[in-house]
Amino acid sequence: MVVSWPMSKAKILILGGGFGGVFTALELAGSADVTLVSDADHFLFTPMLYEYLSGEVEAWHIAPRYDELLEDNVHFVQATITGIDLKSQSVSLAGHEPLNYDALVLAIGGVTNYVGVEGAEEFTLPFRKLEHANNLRQRMVAALDHIPPDFAPQDAWRATTFAVVGAGASGCELSTKMADLLNDSLKRRALQGEARVMIIEMGDRVVPGMGDQIREFVEDALHKSRVEVHTKTRVVKVTADELTFEHEGNQESLKTAGVVWTGGVKMSPLIEQLDAEKSKRGLLVVKPTLQLSQHVNVFALGDIAFYPDATPTLAGTAQLAFQQASLAARNIKAYMEGNEMHTKHFEELGEAISLGTERAAVLTGGKAFGGALARQARFALYTSRLPTWHHRLRVGASWFFEGTQMKRI
Ligand SMILES: Cc1cc2nc3c(=O)[nH]c(=O)nc-3n(C[C@H](O)[C@H](O)[C@H](O)COP(=O)(O)OP(=O)(O)OC[C@H]3O[C@@H](n4cnc5c(N)ncnc54)[C@H](O)[C@@H]3O)c2cc1C
């Protein structure tokens with residue numbers, strides 16, 4: 001079907017205000033009747049959520065409000081999406097009238113995958129949103145506040161036992177930050193001993209999705225931050241204050257002050273219910289133009305889309321969603337104007353990972369480097385990727401003039 005009508009009159013509905021949705025909206029802003037729907041009132045630059053936990057960055061740096069980012073040429077609707085009907089071209093929202101569209105962009109991202117572990121959904125702390133970081137920080141402060149001044153080192157160690165489940169990039173970044181924060185705080189409060197932060201991984205190595213070069217820096221940082229690494233270990237049960245795990249057939253249970261779940265992502269129920277072609281993992285299969293095969297006016301990108309022409313390590317990253325947003329915007333314009341659409345191969349732009357409050361590791365141009373310099377490089381890289389030039393300038397100036405030191409707990 002070839003469509004052609006004035007782009008300025010086209011109703012474009014973008015679902016999800018994360019990397020895919022926001023950057024598509026910013027590229028289309030002003031050229032059509034664009035509406036963005038998301039459940040929060042702010043965008044979140046997830047790669048720096050760890051620095052928000054440690055107080056190295058503030059909420060306004062990494063979570064600008066949509067009304068500031070999008071200005072007046074994109075309508076923003078804050079609501080939870082409850083249903084997507086591709087046949088009637090209508091989207092239902094909680095507490096808001098349904099919205100219709102000429103072209104739809106699906107960018108609602110994934111949800112935490114608890115892989116059926118008993119008690120995981122109820123008792124572990126997720127780490128995907130600003131409020132999750134606030135909850136974790138509070139939990140850490142509460143654990144420290146309960147330690148009396150005369151506690152023996154082994155008792156302080158027990159009282160500050162935290163476990164992070166999953167040793168992907170997220171688990172390693174988080175556990176090193178938590179260990180640095182807790183150990184700094186124990187010292188500052190003149191308490192004896194050190195914190196116990198464990199990372200638990202089913203596979204036989206940490207950061208299984210990353211190359212050996214960067215893994216060396218990660219392993220070194222886990223060691224320096226005194227994180228206890230448990231590989232080939234499976235979490236079997238979580239309760240309010242206890243964790244049970246299994247290693248080589250032996251089960252062990254221990255008391256914890258908190259368990260954080262960074263064990264993976266799965267499809268949102270909205271995508272599961274959608275009548276469209278899916279991959280084995282349940283992702284929406286998209287054409288090289290990002291369109292769904294049976295719905296030419298529907299584009300999908302980011303964590304929910306299976307796009308074959310991308311380096312495999314890019315799957316499920318902000319990098320990919322960010323790069324796809326330009327292609328999506330370009331193709332929506334082409335679709336509306338009846339022009340030829342484009343395709344693109346997406347490449348890995350490099351990897352950057354924060355490791356505790358002092359270090360990071362960066363892999364770029366095939367070379368990895370670590371330490372304090374990598375930490376600065378990562379800040380510079382991420383400033384350049386914030387959503388608008390206006391926001392980039394404000395954040396860059398704040399980091400330059402005010403620095404990025406951790407806020408102690
Ligand atoms: C803590 C953390 C750190 C990360 N670090 C990195 C990193 O360093 N590098 C990297 O490349 N990637 C990183 N990622 C992965 C990256 O965040 C995702 O790959 C990326 O955000 C995917 O973009 P997206 O647009 O598909 O989805 P998202 O960015 O997840 O956006 C989805 C949006 O849809 C909204 N939404 C979902 N369901 C509904 C609903 N029913 N109603 C209304 N709104 C809804 C969500 O609130 C969200 O705003 C990290 C992820 C996390 C959680």
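Mentor: Let us begin with Ala 190, which counts as exposed because its relative accessibility is 64%. Please keep in mind throughout that this is a predicted model.

Trainee: Where does Ala 190 lie?

Mentor: Ala 190 is in the loop between helix 8 and strand 11.

Trainee: What is the phi of Ala 190?

Mentor: The general idea comes first. Most residues other than glycine have a negative phi. In this structure, Ala 190 has a positive phi near 55 degrees, although this residue is not a glycine. Gln 89 is also a non-glycine residue with a positive phi, of about 55 degrees. Gln 89 sits in the loop between strand 4 (81-85) and strand 5 (90-93), and it counts as partly exposed because its relative accessibility is 27%.

Trainee: How many residues of helix 1 are buried?

Mentor: A residue is called buried when its relative accessible area is under 20%. In helix 1 (residues 19-28), 8 of the 10 residues are buried, so the helix is mostly covered. They are Phe 19, Gly 20, Gly 21, Val 22, Phe 23, Thr 24, Ala 25 and Leu 28.

Trainee: Against which elements do the buried residues of helix 1 pack?

Mentor: They pack against strand 1 (11-15), strand 2 (33-38), strand 7 (103-106), helix 4 (66-70) and helix 11 (318-337). Helix 11 also holds Ile 332, which counts as buried because its relative accessibility is 0%. Sequence distance and spatial distance should be read separately: Ile 332 and Tyr 101 are 231 residues apart in sequence, while their C-alpha atoms are 12 Å apart in space.

Trainee: How many salt bridges does the structure hold?

Mentor: To read a salt bridge, one looks for a side-chain nitrogen of Lys or Arg within 4 Å of a carboxyl oxygen of Asp or Glu. The structure holds 18 of them. In one of these, the side chains of Glu 173 and Arg 378 meet at 3.5 Å, N to O. Glu 173 belongs to helix 8 (residues 169-188) and Arg 378 to helix 12 (residues 371-384), so the pair ties together parts that are 205 residues apart in sequence. Both partners are covered: Glu 173 counts as buried at 7% relative accessibility, and Arg 378 counts as buried at 1%.

Trainee: What distance separates Glu 228 and Arg 196 in their salt bridge?

Mentor: Their side chains meet at 2.9 Å, N to O. Glu 228 is in strand 12 (residues 227-230) and Arg 196 in strand 11 (residues 196-200), and the two residues are 32 residues apart. Glu 228 counts as partly exposed at 24% relative accessibility, whereas Arg 196 counts as buried at 13%.

A further salt bridge joins the side chains of Asp 241 and Lys 255 at 3.7 Å, N to O. Asp 241 lies in the loop between strand 13 (233-238) and strand 14 (242-247), and Lys 255 in strand 15 (residues 250-255), so this pair ties together parts 14 residues apart in sequence. Asp 241 is partly exposed, with a relative accessible area of 36%.

Salt bridges can also share partners: Glu 51, Glu 56, Glu 173, Lys 177, Arg 375 and Arg 378 are joined in this way into one network.

Trainee: Which residues come nearest to the ligand?

Mentor: Of the 30 residues around the ligand, the nearest are Gly 20, Asp 39, Thr 46, Ile 81 and Asp 303. The shell divides into 14 nonpolar, 12 polar and 4 charged residues. Helix 11 gives the most to this shell, with 3 residues.

Terms used. Residues numbered from 1 in each chain as written. Predicted model: local features only at pLDDT ≥ 70, side-chain atom pairs only at ≥ 80, totals over all residues. Heavy atoms only, no water. Buried < 20%, exposed > 50% of the residue type's maximum accessible area, 1.4 Å probe, protein only. Helix = DSSP H or I, 4+ residues; strand = E, 2+ residues; numbered from the N terminus. Contact = heavy atoms within 4.5 Å. Near = heavy atom within 4 Å. Nonpolar A, V, L, I, M, F, W, Y, C, P; charged D, E, K, R; others polar.
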